[in-house]
Amino acid sequence: MIDTIKQYLQEVEGFTSTSKEEIETFRIKYLGKKGLLNEFFAEFKNVPAAQKKEFGQVINELKKAATEKVDALQEALKDQNNLTGKYDDLTKPGEPVEIGARHPISIVKNQIIDIFSRIGFNVSEGPEIEDDWHNFTALNLPEYHPARDMQDTFFIQTDPDILLRTHTSSVQVRYMEKHKPPIRTISPGRVYRNEAISARSHCFFHQVEGLYVDKNVSFADLKQTLQYFTTEMFGKSKIRLRPSYFPFTEPSAEVDVYWGLETETDYRMTKGTGWLEIMGCGMVDPNVLQNCGIDSEVYSGFAFGMGIDRIALLLHQIPDIRLLSENDVRFLEQFKSSI
Ligand code: PHE
């Protein structure tokens with residue numbers, strides 16, 4: 001028995017910890033009501049008289065050692081708490097940090113970039129103040145081409161050569177002038193058109209245009225890419241291509257996505273048809289490739305372009321495009337939970 005107690009004594013002397021819980025477990029084990037020491041004291045009466053003296057000494061020694069150990073460790077713990085004390089209680093939940101919200105245009109733009117980057121498209125940017133060549137002429141829209149009227153242009157001062165870009169196709173021209181195929185790039189950015197401002201249209205808005213140029217690029221590749229995009233972006237894979245006209249693509253098409261007619265909102269958004277027009281697209285006109293120094297006998301390509309604002313209005317059910325540029329915090333704050 002005495003030997004066992006001596007072993008405990010060693011254990012007590014060797015014990016150390018900085019954890020409050022561990023120290024408390026240790027205290028209960030030795031000094032608690034049902035602890036070892038009380039057990040030994042209770043045992044005292046059964047110890048033969050000859051050993052009583054030694055037994056008494058050892059358990060007193062054990063009690064002293066355990067008490068001192070607990071006191072010392074608890075004291076050390078207090079000191080440590082005092083040390084961190086100047087930072088208050090570090091386990092307390094933090095103060096909420098006021099964070100801003102991303103603008104819905106940025107949210108949608110980032111989603112589009114993310115989707116196309118997964119299939120190898122990079123991001124290209126260019127100037128908002130453009131020259132006639134990059135915005136029009138290189139894109140198969142020579143002077144006096146009637147299609148120039150489709151895009152009511154803001155000219156800078158009186159120089160008809162300098163203008164605010166009406167689409168980010170101008171970035172694609174710049175990109176093709178600098179890079180050899182294969183080209184896979186998307187060009188997001190702000191564009192300007194001299195249009196009356198209303199709930200549905202504004203004199204500036206945002207686009208993402210895409211361009212893919214390589215050998216043997218076909219219309220089927222275009223359709224597949226668009227279908228991948230609508231599936232990822234809207235969770236809708238049913239699309240239709242309606243013949244259309246753009247000077248820089250041939251053939252050209254408008255892309256509609258089948259939104260469905262499940263809810264009243266679907267009816268309103270699609271004017272009861274279930275279909276929603278989301279972008280223009282087509283095979284890059286060989287003239288455009290030639291204008292940008294790419295051999296149209298060897299290479300072909302497709303291009304597409306969509307309005308970010310329009311998609312943001314659709315996805316977030318925003319009733320008026322002007323809200324996107326008024327910077328009203330009550331509006332902007334509502335996008336805090338979006339990425
Ligand atoms: N640039 C066209 C526009 O602004 C969109 C488009 C891009 C159409 C590429 C076809 C191909 O309306």
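How many salt bridges does this structure hold? The count comes to 13. The model is predicted.

**Salt bridges**

Three of these pairs are listed below, with the accessibility of each partner.

| Pair | N to O distance | Relative accessibility |
|---|---|---|
| Glutamate 232 – arginine 118 | 2.7 Å | glutamate 232: 37%; arginine 118: 48% |
| Arginine 174 – glutamate 130 | 2.7 Å | arginine 174: 25%; glutamate 130: 1% |
| Arginine 242 – aspartate 256 | 2.7 Å | arginine 242: 30%; aspartate 256: 2% |

Glutamate 232 and arginine 118 form a salt bridge. The pair links distant parts of the chain, 114 residues apart. Glutamate 232 sits in helix α8, and arginine 118 in the loop between α5 and β1. Glutamate 232 is partly exposed, and arginine 118 is partly exposed.

Arginine 174 bridges to glutamate 130. Arginine 174 belongs to helix α7 and glutamate 130 to strand β2, so the contact ties together parts 44 residues apart in sequence. Arginine 174 is partly exposed, whereas glutamate 130 is buried.

Arginine 242 meets aspartate 256. Their strands are β6 and β7, so this pair ties together parts 14 residues apart in sequence. Aspartate 256 is buried at 2%, under the 20% cut-off. A network of salt bridges links Arg240, Arg242, Asp256 and Glu277.

**Strand β9**

Seven of the eight residues of β9 (residues 300-307) are buried, so the rest of the structure largely encloses this strand. Strand β5 runs antiparallel to β9, joined by eight bridges. Valine 213 stands opposite glycine 301. Strand β8 is also antiparallel to β9, with four bridges. Here methionine 283 faces phenylalanine 302.

**Helix α3**

The buried residues of α3 are Leu36, Leu37 and Phe40. They span an arc of only 95° around the axis, so they lie on the same side of α3.

Notes
Residues are numbered from 1 along each chain as its sequence is written. This is a predicted model: local features need pLDDT of at least 70, side-chain atom pairs count only at pLDDT 80 or more; totals for chains, interfaces and linings use all residues. Side-chain values use heavy atoms; hydrogens and water are left out. Buried means under 20% relative accessible area, exposed over 50%, partly exposed in between (1.4 Å probe, protein chains only). Helices (H or I, at least four residues) and strands (E, at least two) are DSSP runs, numbered from the N terminus. Two strands pair if DSSP finds at least two bridges between them. The arc is that of the directions from the helix axis to the C-beta atoms. A salt bridge is a side-chain nitrogen of Lys or Arg within 4 Å of a carboxyl oxygen of Asp or Glu.
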